[in-house]
Structure formats: structure tokens, C-alpha cells
Amino acid sequence: MSEILAFIAMAAGVVFMLIAALGLWLLPDFYMRIHAPTKAATLGLFFLILAFVLSSHEQGIPFNILLVLLFVGGTIPIGSHILARAAYRAKTQVKATISLDEYKDQAQ
């Protein structure tokens, strides 16, 4: 049963990674492109790590891998936020119309 769940998790991980790659390729500007790997690739990585944990039969491996999962889950969103904020401060061009700019009135 764990092999079937591992296969399903692996397939879901691959699908989310494919969605992230397509997002990087198809989305028009930096801000939209950073959204694709932040959401889809992180979720894809979670599913791939879960598949590894489900297929591993050794003692201690799942605990170590789950620590990696927590680390990655915490650092990828923070890193992408820092990149987006730096791009905003560098006045990176936006291709789409933005209706709300919360940082506009703040001091740079």
C-alpha cells in the first residue's frame, strides 16, 4: 500500500514541477514568474519528498527528510519574497496593469 501512495505522491510532485516550469516559460513578467516556482515547485518538492519518505523502509530516514521538508518549506517563500521586494525597489517593469500597490507610499 505504501508503494501505491508513494507513486501517487511522486506523480503529483512531477505534475506540480511541470506546472512550475511552464509558469516560468509562459508568464510575461518577473513578478508572475517568481510566483510559479514559489507555489508550484514548492508543492511539487513536498510531494516528491513525501514519496521518498513513503518508499523508505530504513529507520531514521523519514525523520531526517521531514526536517529537510520543514527547512525548504520555510526558506523558499521567504527567499521569493525577498527577490520580489528587491525587484520592486529596483523598479522592475510590470507587463500587467496593477490595480493595488501597497508599497507605493512607503519610503524606499
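What percentage of the 108 residues of the protein chain count as buried? The share is 21%, where buried means under 20% relative accessible area, exposed means over 50%, and partly exposed lies in between (1.4 Å probe, protein chains only). The model is predicted, so local features need pLDDT of at least 70 and side-chain atom pairs count only at pLDDT 80 or more, while totals for chains, interfaces and linings use all residues. Residues are numbered from 1 along each chain as its sequence is written, and side-chain values use heavy atoms, with hydrogens and water left out.

**View 1. The protein chain has three helices and zero strands.** From the N terminus on, the order of elements is α-α-α. Helices (H or I, at least four residues) and strands (E, at least two) are DSSP runs, numbered from the N terminus. Among contacts in the protein chain with a separation of 6 or more, 63% are between residues 24 or more positions apart. A contact means heavy atoms within 4.5 Å.

**View 2. The count comes to two aromatic pairs.** The planes of Phe16 and Phe47 lie at 5° and the ring centres are 5.8 Å apart, so this pair is stacked. Rings of Phe, Tyr and Trp (its six-membered ring) pair if their centres lie within 6.5 Å; planes under 30 degrees apart count as stacked, over 60 as edge-to-face and the rest as tilted. Phe16 belongs to helix H1 (residues 2–26) and Phe47 to helix H2 (residues 30–55), so the pair links distant parts of the chain, 31 residues apart. Phe16 is partly exposed at a relative accessible area of 26%, and Phe47 is partly exposed at 27%. Phe30 and Tyr31 form an edge-to-face pair, 5.8 Å centre to centre with 75° between the planes. Relative accessibility is 33% for Phe30, which counts as partly exposed, and 21% for Tyr31, also partly exposed.

**View 3. Helices H2 and H3 (residues 61–89) cross at roughly 180°.** Their axes come within 10 Å, and the angle makes H2 roughly antiparallel to H3. Axes are lines fitted to C-alpha atoms, for helices over the stretch in contact, and angles run from 0 to 180 degrees between N-to-C directions. Angles over 145 degrees count as roughly antiparallel, under 35 as roughly parallel, 65 to 115 as roughly perpendicular and the rest as oblique. The contact of H2 with H3 has 21 nonpolar, four polar and no charged residues. Nonpolar covers Ala, Val, Leu, Ile, Met, Phe, Trp, Tyr, Cys and Pro; charged covers Asp, Glu, Lys and Arg; the others, Gly among them, are polar.

**View 4. Ala40 and Leu48 lie in helix H2.** Ala40 is buried at 10% relative accessibility. Not counting residues up to four places away in sequence, Ala40 touches Phe16, Met17, Ile19 and Ala20. Leu48 is partly exposed, at 29%. Beyond its neighbours within four places in sequence, Leu48 is in contact with Ala9, Met10, Gly13, Val14 and Met17. Leu48 and Met10 are 38 residues apart in sequence, with 5.1 Å from C-alpha to C-alpha.

**View 5. Ser56 sits in the loop between H2 and H3.** Ser56 is buried, with a relative accessible area of 16%. Leaving aside neighbours within four places in sequence, Ser56 contacts Ile61 and Pro62.
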